[in-house]
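Q: Could you walk me through one part of this protein up close? I'd like to see how two neighbouring pieces are held against each other.

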Amino acid sequence: MLENSTMGLLMISNPVFECYAFYSCILILKMIMMSFLTVLQRFRKKIFISPEDTAISKGGGEVKYDDPDIERVRRAHLNDLENIPIFLITGLLLVASNPPEMIANNLFRIYTFVRIMHTIAYAVIILPQPTRAIFFIAGVVINIIMIIYVILSMHNI
């Protein structure tokens, strides 16, 4: 069971938790919006995944599973689904470890920025490598920093 002092860390009155909650919400909304970006791309190109979906497009459409533009958006969405949940867990663990406010909040802000930029570089305004790789690696490094901080803050291990 969590101690009262730890429970206090997981409340909006804690500025680190407030910042974590805000940026987590932004990232969750971003993941939801990726579904709509995929749909937008499908309608723009009139390429659908199921035959019945072609009926809702003015002028019809075709069923195709390998359109490079649609697959690019889908891969960006999958990348979010693989990486953002890790942040949501490591960020919450970081909050519970009572980190310095400035460090934690900046990690949350930077992580959110690099994930948004990763999507832009990958699926919206396609930028040449290593742009996307730099954004991806920056996000991974932030998660590793948070994990290391949490491990080092443990006293009973």
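A: Let's start with Lys-30, which counts as buried at 10% relative accessibility (buried means under 20% relative accessible area, exposed over 50%, and partly exposed in between, with a 1.4 Å probe and protein chains only). A quick note before going on: this is a predicted model, where local features need pLDDT of at least 70 and side-chain atom pairs count only at pLDDT 80 or more, while totals for chains, interfaces and linings use all residues. Residues are numbered from 1 along each chain as its sequence is written, and side-chain values use heavy atoms, with hydrogens and water left out.

Now, who does Lys-30 pair with? Its side chain meets that of Asp-80 in a salt bridge, 2.3 Å from N to O (a salt bridge is a side-chain nitrogen of Lys or Arg within 4 Å of a carboxyl oxygen of Asp or Glu). Lys-30 sits in helix 2 and Asp-80 in helix 3, so the pair ties together parts that are 50 residues apart in sequence. (Helices are DSSP runs of H or I with at least four residues, strands are runs of E with at least two, and both are numbered from the N terminus.) Asp-80 is buried too, at 0% relative accessibility.

How do the two helices run past each other? The axes of helix 2 (residues 15–45) and helix 3 (residues 68–96) come within 10 Å and cross at roughly 170°. (Axes are lines fitted to C-alpha atoms, for helices over the stretch in contact, and angles run from 0 to 180 degrees between N-to-C directions.) Helix 2 and helix 3 are therefore roughly antiparallel, a label for angles over 145 degrees. The residues of their contact divide into 17 nonpolar, 6 polar and 7 charged (Ala, Val, Leu, Ile, Met, Phe, Trp, Tyr, Cys and Pro count as nonpolar, Asp, Glu, Lys and Arg as charged, and the others, Gly among them, as polar).

Next, look at Lys-45, also in helix 2. Lys-45 forms a salt bridge with Asp-69, with the closest N and O atoms 2.7 Å apart. That pair links distant parts of the chain, since Asp-69 is in helix 3, 24 residues apart from Lys-45. Lys-45 is partly exposed, with a relative accessible area of 25%, and Asp-69 is partly exposed at 27%. Salt bridges that share partners also join Lys-30, Asp-80 and Arg-115 into one network.

Lys-45 has a salt bridge with Asp-67 as well, at 2.9 Å between the closest N and O atoms. Asp-67 is buried, with a relative accessible area of 4%.

Notes
Parallel < 35°, antiparallel > 145°, perpendicular 65-115°, else oblique.
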